[in-house]
Amino acid sequence: MTMIAIGGAIGAGLFVGSGSVIQTAGPAAVLSYAGAGLVVLCVLRALGEMVVARPVAGSMGGYARMAMGPFAGFTVGWVYWYLYVILVGAEAVAGAAILGSWIDLDQWILSAGLLIVMTAVNLVSVRSFGEFEFWFASIKVVAIVAFLAVGLAWVFGLWPGAEAGFANLTQHSGFAPHGLGGVFSAIVVVMFAFGGTEIVTVAAAESEEPGPAVARATNNVLWRVGLFYVASIFLVVTILPWNDAKVLKSPFVSALEHIGIPAAGAIMQVVILTAVLSVLNSAIYVSSRMLYVLTRDGDAPASLVKLNKRGVPARAVLLGTVAAWGAVIASYVSPDKVFTFLVNSIGVVLAFVYVAIMLSQLRLRARLRREDPSALTYRMWGYPYISWAVVVAILAVFVAMARNPDQRNQLFASAISLLVVMAIYPLRAKFGRKKPVREVEVLHH
């Protein structure tokens with residue numbers, strides 16, 4: 001469970017996407033990562049509170065339904081499923097692009113191969129998903145720890161030929177060259193990079209002891225965020241000038257090459273591929289469990305809820321993979337229009353889900369305090385003030401995106417995907433099953 005949480009926290013967004021964050025905020029990118037990390041940590045804590053008190057499979061949609069009714073559960077569940085289905089396709093395309101530099105095959109073949117392999121992993125058992133994620137996370141942790149060790153040695157003059165010092169933090173137009181606006185704008189990108197930490201609460205429902213498992217995992221997120229994200233970005237902007245063109249392209253590779261690590265590019269390509277496969281593995285898992293919950297609650301065809309003999313909702317896994325093929329095909333047929341829109345349409349969907357999580361926690365916490373206070377053994381901090389502060393912070397990010405021409409399209413495309421799901425609900429209310437499928441709340445191990 002702990003390694004699943006680590007794997008969710010370290011994605012390709014750290015190794016590649018951090019370049020755009022640094023270009024937007026300058027050395028103050030460390031504040032963007034710290035701020036976004038704090039918001040996500042609070043969301044995870046709130047979600048953990050609900051998981052410990054009421055563990056259910058596919059937690060996001062389930063808790064929205066418990067707290068705010070069928071419409072909220074339907075909307076959050078399908079939007080979250082859509083997010084991860086498109087992410088499966090996008091990560092398969094990204095992984096194929098990396099493999100294409102090593103293997104002389106068409107990228108669509110490589111994308112298909114990655115989808116088939118990771119789908120097979122998820123069809124075997126939830127244990128196989130967890131074991132693959134454990135090793136993927138281990139590789140990423142080793143890479144980050146090695147980078148931190150080498151970077152610190154360079155900064156403090158302990159590396160051969162090192163240029164010790166922190167001059168790059170304040171030179172080149174200062175620590176925050178674009179002001180607080182740049183720091184705030186970068187938080188949007190960073191928040192999506194942190195996406196995946198909530199996977200641990202989805203997986204918790206399938207662990208032997210959901211409450212203790214999710215409590216331990218979420219308690220450790222804070223130091224992981226600080227160590228893996230904030231510390232590593234701090235070292236990048238200390239080693240290199242923030243406005244160096246190489247930083248935008250690949251900050252970690254550029255920093256390692258500047259230090260003088262041989263074959264830094266090839267090493268990081270392997271690490272990035274591992275991060276991509278980790279996200280692909282997790283995305284297939286999460287999309288299938290969310291579809292399982294939607295089916296259980298009567299929001300999807302009843303046939304999808306069936307578990308195979310290993311306790312896996314195989315049909316839900318396969319449907320998510322088949323849907324992801326739409327994104328893969330779009331990446332080759334219409335990369336600049338359809339595929340770009342699909343990727344943009346999930347840009348801030350996770351932020352919508354975060355708002356729903358906080359509102360669900362506020363409602364359920366109040367209900368549990370009245371009906372079953374003994375269940376609140378793992379609590380959100382500063383209730384209800386911090387919960388509301390997180391909601392306000394995320395809404396402020398939406399406002400900032402609407403005012404930023406470079407991020408406005410992503411916000412609008414994501415809002416369209418949300419509105420489409422909401423518009424479908426009346427059809428569900430009219431033609432869907434009136435009674436939910438009678439099925440266990442927690443999937444079999």
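Ser 173 lies in the loop between H7 and H8, where helices are DSSP runs of H or I with at least four residues, strands are runs of E with at least two, and numbering starts at the N terminus. The model is a predicted one, so to speak of local features takes a pLDDT of at least 70, side-chain atom pairs count only at pLDDT 80 or more, and totals for chains, interfaces and linings use all residues. Residues are numbered from 1 along each chain as its sequence is written, and side-chain values use heavy atoms, with hydrogens and water left out.

Phi of Ser 173 is near 80°, which is positive even though the residue is not glycine. Most residues other than glycine have a negative phi, and most peptide bonds are trans. Ser 173 has a relative accessible area of 65% and is therefore exposed; the cut-offs are over 50% for exposed, under 20% for buried and partly exposed in between, with a 1.4 Å probe and protein chains only. Ala 263 also has a positive phi, near 60°, and is not glycine either. Ala 263 sits in the loop between H13 and helix H14 (264-296), and counts as exposed because its relative accessibility is 51%. Pro 384 belongs to the loop between helix H17 (349-371) and H18.

Now for the chain as a whole. It has 19 helices and zero strands. Of its 445 residues, 58% are buried. Take the contacts (heavy atoms within 4.5 Å) with a separation of 6 or more: 79% of them join residues 24 or more positions apart.

What about the inside? The largest nonpolar core has 139 residues, and Phe 15 and Tyr 80 have the most contacts inside it. Such a core is a set of buried Ala, Val, Leu, Ile, Met, Phe, Trp, Tyr and Cys residues joined through side-chain atoms within 4.5 Å. Helix H5 (residues 70-100) gives this core its largest share, 19 residues. If neighbours within four places in sequence are set aside, Phe 15 touches Ile 10, Ile 144, Ser 250, Pro 251, Phe 252, Met 268, Val 271, Ile 272 and Ala 275.

Two of those partners, Ile 144 and Phe 252, turn up again where H7 meets H13. The axes of helix H7 (residues 126-155) and helix H13 (residues 251-259) come within 11 Å and cross at roughly 45°; axes are lines fitted to C-alpha atoms, for helices over the stretch in contact, and angles run from 0 to 180 degrees between N-to-C directions. H7 and H13 are therefore oblique to each other, given that under 35 degrees counts as roughly parallel, over 145 as roughly antiparallel, 65 to 115 as roughly perpendicular and the rest as oblique. On the H7 side the contact uses Ile 144, Phe 147, Val 150, Gly 151 and Trp 154, and on the H13 side Phe 252, Ala 255, Leu 256, His 258 and Ile 259. Sorted by class, that makes eight nonpolar, two polar and no charged residues; Ala, Val, Leu, Ile, Met, Phe, Trp, Tyr, Cys and Pro count as nonpolar, Asp, Glu, Lys and Arg as charged, and the others, Gly among them, as polar.

H7 has another partner in helix H6 (residues 107-124): their axes come within 6 Å and cross at roughly 125°, so H6 and H7 are oblique to each other. Here Met 118, Val 121, Asn 122 and Val 124 of H6 meet Ser 128, Phe 129, Phe 132 and Phe 136 of H7. This contact has six nonpolar, two polar and no charged residues.

For helix H8 (residues 179-193) and H18, the axes come within 9 Å and cross at roughly 110°, so these helices are roughly perpendicular. Phe 184, Ile 187, Val 188 and Met 191 of H8 pair up with Ala 396, Val 397, Ala 400 and Met 401 of H18. By class, this contact has eight nonpolar, no polar and no charged residues.

Finally, Asn 404 falls in the loop between helix H18 (385-403) and helix H19 (405-431). Its relative accessibility is 17%, so Asn 404 counts as buried. Asn 404 and Gly 181 are 223 residues apart in sequence, yet their C-alpha atoms are 10.0 Å apart in space.
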